[in-house]
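Here is a set of questions and answers for a reader who is new to this structure. Each answer sets a value against the definition behind it.

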Amino acid sequence: MTADQLQSIIRAGLNCEHLAVEGDGRHWYATIVSADFEGKRLLARQRLVYATMGERIKTDEVHALSMKTFTPAEWSAKTE
């Protein structure tokens, strides 16, 4: 798994305004900005991201994914 492949998988399942993925091929860190997170708490946001991974998480193709999730408004406030 590469960072580009992981980005493609996440983008296929979420409408991302911003997506950055870094990692070593097994352990990943992602910053994800999506309107899909509106009105959702942290755990619900993470579940949406993990749902995009599907079997890749269960089969250990993606061993670990740490993430920061933001709505567009949260991201805008953070980056101002």
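Q: What makes strands S1 and S2 a pair, and do they run parallel or antiparallel?
A: This is a predicted model, in which local features need pLDDT of at least 70, side-chain atom pairs count only at pLDDT 80 or more, and totals for chains, interfaces and linings use all residues. Residues are numbered from 1 along each chain as its sequence is written, and side-chain values use heavy atoms, with hydrogens and water left out. Two strands pair if DSSP finds at least two bridges between them, and strands are DSSP runs of E with at least two residues, while helices are runs of H or I with at least four, numbered from the N terminus. Seven bridges join S1 (residues 16-23) to S2, so the two strands meet the definition of a pair, and they run antiparallel. Within this pairing, valine 21 has alanine 30 of S2 as its bridge partner.

Q: How do you know that S2 also pairs with S3, and in which direction do they run?
A: S2 and S3 (residues 64-70) are joined by seven bridges and run parallel. Here tyrosine 29 has serine 66 in S3 as its bridge partner.

Q: Why is strand S2 called mostly covered?
A: A residue is buried when its relative accessible area is under 20%, exposed when over 50%, and partly exposed in between (1.4 Å probe, protein chains only). Six of the eight residues of S2 (residues 27-34) are buried.

Q: Why is histidine 63 called partly exposed?
A: Its relative accessible area is 39%, which lies between the cut-offs for buried and exposed, so histidine 63 is partly exposed. Histidine 63 sits in the loop between helix H3 (55-58) and S3.

Q: What makes the link between histidine 63 and arginine 26 a polar contact?
A: A polar contact is a pair of N or O atoms within 3.5 Å; within protein, one must be able to donate a hydrogen and the other to accept it, and residues adjacent in sequence count only if both atoms are side-chain atoms. The side chains of histidine 63 and arginine 26 are joined by such a contact at 3.1 Å.

Q: Why is the protein called as compact as a globular protein of its length?
A: The protein has four helices and three strands. Its radius of gyration, taken over C-alpha atoms, is 12 Å, close to the 12 Å that the globule rule (2.2 Å times the number of residues to the power 0.38) gives for 80 residues, so the protein is as compact as a globular protein of that length.
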